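User: I would like to go through this model and ask, for each label put on it, what that label rests on. Could we begin with how far the prediction can be trusted?

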Amino acid sequence: MRAHNAYKHPDLASELKKMVSSPTFVKWAGGKSQLIKQFNPLFPQQIENYFEPFVGGGAVFFHVMQEYKPKTALISDINSELIDAYQVIRDSPLDLAKLLKQHKAKHCKEYYYKTRGLNPDSLSKTERAARFIYLNKTCFNGLYRVNSKNGFNVPMGSYKKPSIPDEEDIMLASKLLQNVKIKNMHFSEVLNHASKGDFVYMDPPYYPVKEGKSFTSYTANDFSADDHRHLAEVYGKLSKKGALAMLSNSDTPFVGDLYSEYDITPVQAKRMINSNGKGRGEVSEVVVRNYREI
Ligand SMILES: C[S@@+](CC[C@H](N)C(=O)[O-])C[C@H]1O[C@@H](n2cnc3c(N)ncnc32)[C@H](O)[C@@H]1O
């Protein structure tokens, strides 16, 4: 009852929003917001230097920044449009928020397809970031899919009220991104940055539950079984260096074999369970750690 009344008070409501919300600014396949509660007991107790080489929508990153306040952080992703958007949020949040407001005001089917048809190379970095976030929030299921010429080709979604971030959301994300290193690099390069005692969270595109099937596509390149083997090698090297590594993946025999020498904890996630996107169900995923209670 109290919380309900608090929400009616404008100042309190906005304070509560800041306290409880994660300022993720895109909807991202495999996003981890719903798993944060199950992750909390699995994180190390203190995080001084944080690394996240598959940052995606940043659900874990924003949580760690708010709860653990690490001294340094480095985030990265192979998706260059996404990484540009993080950099613009860090460096030009007000300009970005202004452009997003304009996109929101003009949003309709015709405007969506006109914006989708723009060549991102003809836009400024801030305009590109605004277009990327606008399309992400209004397209079908927040998917990121590009054609062979790298053109975004996801159809419009059917949201009555798409949740395009407002100035307050962008400013909060920007505040948490100050002093964060934001890179567009392959995951293996994390080895050049993380050292003993640092915490690395890795959330790669999952190994498919059914062989030969992958429902997620983030860039023109898919993540193959060889990429998973390569990642397990990187994980091993991080462990040898003395870095604390936590990794998410599907609960499959392939993943179990790759990480058999580490601590594996199952977690339950609600995910799309069939390819037409309609069915949702609980699936078991795993968290692999090279440490226990720290
Ligand atoms: C499961 S998603 C991460 C989701 C994120 N934890 C969240 O909460 O939104 C996997 C990410 O890995 C990125 N990725 C795919 N291949 C990569 C590679 N070789 N190196 C770095 N990032 C890669 C994708 O672009 C995608 O954003």
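Analyst: pLDDT is the predictor's confidence in each residue, from 0 to 100. This is a predicted model, and its pLDDT stays under 50 over residues 12–20, for which the model has six contacts beyond four places in sequence. The protein averages a pLDDT of 89, with 86% of the residues scoring at least 70. Over residues 1–10, too, the pLDDT is below 50, and this stretch has five contacts in the model beyond near neighbours in sequence.

User: What makes up the protein in terms of helices and strands, and how much of the protein is buried?

Analyst: The protein contains eleven helices and seven strands. Of its 294 residues, 33% are buried.

User: Why are helix 6 and helix 9 called roughly antiparallel?

Analyst: The axes of helix 6 (residues 93–106) and helix 9 cross at roughly 150 degrees and come within 9 Å. Angles over 145 degrees count as roughly antiparallel, and helix 6 and helix 9 are therefore given that description. Their crossing is right-handed. The contact is made by P93, L96 and A97 of helix 6 together with E167, I170, M171 and S174 of helix 9, and these residues divide into five nonpolar, one polar and one charged.

User: Which residues of helix 9 are buried?

Analyst: In helix 9, which spans residues 167–177, the buried residues are D169, I170, L172, A173, S174, L176 and L177. Two of the residues on that list, I170 and S174, also take part in the contact with helix 6.

User: What makes the phi of K69 worth a remark, and is K69 counted as buried, exposed or partly exposed?

Analyst: K69 has a positive phi of about 40 degrees although it is not a glycine, and K69 is found in the loop between helix 4 (59–67) and strand 2 (72–76). A residue is buried with 20 or more other C-beta atoms within 10 Å and exposed with 12 or fewer; because K69 has 13 such neighbours, K69 counts as partly exposed.

User: How do you know whether N179 is buried or exposed, and where does N179 lie?

Analyst: N179 follows helix 9 and is placed in the loop between helix 9 and strand 3 (181–183). Although N179 is not a glycine, its phi is positive, about 70 degrees. The cut-off for exposed is 12 or fewer C-beta neighbours, and N179, with 9 inside 10 Å, therefore counts as exposed.

How values were computed: Residues are numbered from 1 along each chain as its sequence is written. This is a predicted model: local features need pLDDT of at least 70, side-chain atom pairs count only at pLDDT 80 or more; totals for chains, interfaces and linings use all residues. Helices (H or I, at least four residues) and strands (E, at least two) are DSSP runs, numbered from the N terminus. Axes are lines fitted to C-alpha atoms, for helices over the stretch in contact, and angles run from 0 to 180 degrees between N-to-C directions. Angles under 35 degrees count as roughly parallel, over 145 as roughly antiparallel, 65 to 115 as roughly perpendicular and the rest as oblique. A crossing is left-handed if the near helix is turned anticlockwise from the far one by less than a right angle, and right-handed if clockwise. Two residues are in contact if their C-beta atoms, placed from the backbone, lie within 7 Å. Ala, Val, Leu, Ile, Met, Phe, Trp, Tyr, Cys and Pro count as nonpolar, Asp, Glu, Lys and Arg as charged, and the others, Gly among them, as polar.
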